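User: I want to learn how to read cavities, strands and helices in a model. Can you take me through them?

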Amino acid sequence: MHGFEHSASTPGRDAAGAASARLAGHRLVPLATALVQDDGRVLHWSEEAEALTGWPAAEVVGTYVARFLVPESQRKGVLNLFAEIMSGPGWSGVYPVRHRDGHAIELEFHTYPIAGPGGRPMLLATASDVESLRQVEADLAILDGFFTQSPIGLAVYDTDLRFVRLNDALARINGLPIADHLNRRISAVLPGLNSAEIEAVMRQVLATGRPVVDARSHGRTPGDPRRDRAWSASYFRLEDSTGRVLGVSSSIIDVTERFRAEARASRAQERLALLASATARIGTTLDLKRTAEELIEAVVPRFADFATVDLLEPVLRGEEPAPIQPDRPVQLRAVAVGEAYGSGLTNVADAVGLSTEYDAKRIYTQCLRSGRPLLKPYVDEEILSGLVPSPDRVAPGIEAGIHSYLMVPVIARGMVLGGAEFVRTRNPEPFTAADVALAEELVARAALAIDNARLYRRERETALTLQRSLLPQEIHRTMGLEIAHRYIPSSVVSEVGGDWFDVVPLSCGRVALVVGDVMGHGIRAAATMGQLRTVARTLATLDLTPEQVLTRLDETASAIGEGQFATCVCAVYDPVDRTCTIASAGHLPPVRIDPDGSTHIVELPPGLPLGVGGAVFESVEFTLPAGALIALYTDGLVERRGRDLDDGIQLLARTLADRGRTLEESCDAVLSALVTDGTDDDIAMIMARVLPVPADRIATLQLPGNGPLPAKARAFTRTTLQAWGLGGLTDYAELVVSELVTNALLHADAPRRLRLFRDRTLTLEVADAGGQSPRLRASAEEDEGGRGIHLVSELAHRWGTRPTREGKVVWAEIELPYS
């Protein structure tokens with residue numbers, strides 16, 4: 001067969017038997033020879049004769065042979081037979097003779113009368129042991145019967161690998177008569193086999209003498225020209241008794257069914273291996289595009305030579321796709337494309353990111369609508385024209401070698417999300433039903449991961465939208481401070497976080513800087529963050545001190561629900577005297593950089609996180625020189641796996657100490673230094689640099705304890721506003737200042753200071769030593785007083801009071817004409 005088509009037959013049964021005996025390694029039967037004169041004297045006695053009879057030539061030559069081999073009682077008959085032989089044409093037969101040790105042996109004789117020197121008659125005799133001959137004949141008969149009757153293909157080749165003999169079984173396997181094999185090589189007899197490989201194995205056996213067992217090959221023979229078959233052959237070298245190499249013998253059996261079963265098992269194992277590998281590879285992230293790419297990487301080139309994944313547009317937007325209508329086209333976008341051998345199909349297929357509309361009547365669209373795979377085992381130009389979205393792709397596809405096509409809808413939770421296409425070009429095997437089952441399993445796993453990514457994207461976008469809406473949309477310019485900020489959502493964690501920052505304008509030009517971090521992730525954390533930020537902003541605008549803000553925030557966090565904890569740091573900066581008051585609720589310490597570049601980690605009373613309940617917070621106050629910088633941040637900036645938290649804070653400080661950068665550049669430098677490979681957590685950061693306040697923005701009048709203080713305050717206000725170009729506000733401002741100073745004289749021992757502050761509004765503030773805040777109260781028509789604060793409330797845009805170390809400050813704001 002395939003390379004097993006190695007058999008031979010020989011001319012003549014006896015000769016073939018003898019040849020077979022030799023080729024099988026049997027020893028030849030010793031043939032004794034003797035030359036006898038016509039008088040019965042021995043002239044020649046061979047070594048084989050010595051071995052056969054036990055009589056050495058030295059004793060026999062020159063004597064009468066009958067004296068040694070025949071008992072005296074039989075000599076007369078032997079001499080008569082000798083005379084007949086010498087006078088006749090020769091004789092063959094079996095005759096008993098006497099061995100030297102006395103036992104009798106039967107020999108088969110062949111005699112040939114010949115003429116010696118001078119024409120003297122002589123007799124050449126040959127003899128073999130009858131028992132040995134019969135054994136050899138029996139062995140040869142068995143061997144010959146095995147060779148001719150065996151159902152296994154058998155063949156013998158010479159050293160040139162030509163058929164010497166083969167049996168009928170092999171001839172039937174090959175579909176050719178025995179005679180068509182003899183003296184020809186396999187390549188000439190069976191060109192449909194891998195003859196070069198077969199003969200290479202046979203040469204190896206000839207050269208080394210090592211047998212080869214179960215050498216597999218396959219192909220087609222004249223006996224079955226339309227189907228590939230498989231055979232298993234074993235080869236061994238043939239030698240004679242002297243070790244001379246005579247050729248090669250082979251035995252061949254048809255293992256087609258086993259080969260096919262093994263092939264099916266191997267393909268099944270390959271599919272299982274592919275499925276296992278793909279399972280581990282697909283869906284490693286919650287990124288929709290990456291999941292599609294992982295499916296492509298899993299199947300190319302092990303399953304397909306070319307593959308694409310296209311998804312419906314709503315899926316890419318995170319929306320739930322509607323059922324595909326029978327009378328409407330579908331819009332799909334290529335998400336991932338891959339090919340194995342540079343066939344050029346990527347230039348023919350939709351490029352990644354490109355959308356294509358498929359008509360409702362196209363096979364692809366109908367397949368999506370049905371939700372069932374589409375298998376085209378054999379693809380020609382006509383079939384391909386029904387698959388591609390435009391006719392100009394048919395010819396390039398055929399040129400690229402497309403011969404088998406499989407499309408599987410991407411379905412998850414009963415929804416069609418898109419389609420995955422698989423194409424074979426160089427792989428000669430068409431897609432089968434088993435391939436369809438495998439592709440469905442792979443696509444189903446990818447579909448679930450893709451839908452999870454879709455749902456995640458929708459949830460994340462919702463959470464991010466919520467989170468962004470809760471963060472400051474605009475940071476107003478603040479006098480005396482340059483402010484920069486950054487907010488970076490986590491690049492790794494699957495949900496948004498609860499980090500936040502805020503810049504809250506306060507009265508009298510002050511500003512509150514707040515940074516917080518809600519523990520946990522997700523929409524709940526973002527919602528909690530929004531509540532805390534809103535409350536913190538409200539509390540700050542009430543002119544509460546930082547520790548008071550945190551105390552109220554702690555109460556709010558405790559009321560939100562169990563397990564809602566957050567850290568927070570709150571700082572209030574006054575640009576007039578450049579004081580900064582900070583309190584912390586379990587948050588990381590701010591970093592301060594002085595104008596000379598020296599760095600300081602601001603040590604704060606740590607405080608407990610918000611939400612613990614009943615915590616006591618303390619604030620620290622210090623003065624910031626012009627040019628100083630302070631940074632508030634969340635732990636996502638400085639905390640990394642493999643890096644100590646303190647090391648991260650020190651790196652932040654060293655980065656900020658590098659002078660010569662703008663505040664925005666400093667923010668970027670910090671992120672470049674500390675966030676090198678993404679972040680596991682959100683990052684919120686505020687940087688503020690102290691700026692000098694222009695002299696034409698603040699005016700202060702100290703109010704001594706005697707004299708007409710309201711009149712002095714009014715005159716100072718009039719003069720200042722005219723110098724600032726705000727003469728149009730003089731009447732309102734004088735009246736408000738007069739009422740504030742008078743109220744301090746009546747209810748707070750005495751005013752201490754009047755300050756005019758021009759920023760987004762005109763702020764008028766009066767400081768006094770009293771601890772009780774003024775309030776609106778009802779006055780009867782006959783009352784002579786009690787209407788001052790009512791008047792201030794009507795004239796001012798807003799007004800309020802805040803405590804100080806020495807007492808309090810009552811302030812009122814008047815809107816500027818251009819504000």
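User: How many nonpolar, polar and charged residues line the largest cavity?

Analyst: The lining of the largest cavity has 13 nonpolar, two polar and four charged residues. Ala, Val, Leu, Ile, Met, Phe, Trp, Tyr, Cys and Pro count as nonpolar; Asp, Glu, Lys and Arg count as charged; the others, Gly among them, are polar. Keep in mind that this is a predicted model, where local features need pLDDT of at least 70, side-chain atom pairs need 80 or more, and totals for chains, interfaces and linings use all residues. Numbering starts from 1 along each chain as its sequence is written, and side-chain values use heavy atoms, without hydrogens and water.

User: What is a cavity, and what volume does the largest cavity have?

Analyst: On a 1 Å grid over the protein atoms alone, a cavity is a set of points where a 1.4 Å probe fits but cannot get out; lining residues have an atom within 4 Å of a point. Points join across faces, edges and corners, and the volume is the space filled by probe spheres set on them. Here, the largest cavity has about 290 Å³. Phe306, Ala349, Val388, Arg393 and Glu421 lie nearest its centre, among 19 lining residues. Strand S11 (306-312) gives the most, with three residues.

User: Glu421 is in which strand, and what is its bridge partner?

Analyst: Helices (H or I, at least four residues) and strands (E, at least two) are DSSP runs, numbered from the N terminus. Two strands pair if DSSP finds at least two bridges between them. Glutamate 421 is in S16, and its bridge partner is methionine 407. S15 and S16 (residues 415-424) pair in the antiparallel sense over nine bridges. They form a hairpin with two residues between them.

User: Is S15 (residues 404-412) mostly covered or uncovered?

Analyst: Buried means under 20% relative accessible area, exposed over 50%, partly exposed in between (1.4 Å probe, protein chains only). In S15, eight of the nine residues are buried.

User: Which element gives the most to the lining of the second largest cavity?

Analyst: Helix H24 does, with three residues. This cavity holds about 40 Å³ of space. Leu740, Asn743 and Ala744 are among its lining residues, and these three are also among the buried residues of H24.

User: How do I check the length of H24?

Analyst: The expected span is 1.5 Å times one less than the number of residues. H24 (residues 730-747) has 18 residues and reaches 25 Å from its first C-alpha to its last, close to the expected 26 Å.

How values were computed:
1 Å grid on protein atoms, 1.4 Å probe; cavity = no way out; pocket = protein on both sides within 12 Å on 5 of 7 lines; lining within 4 Å.
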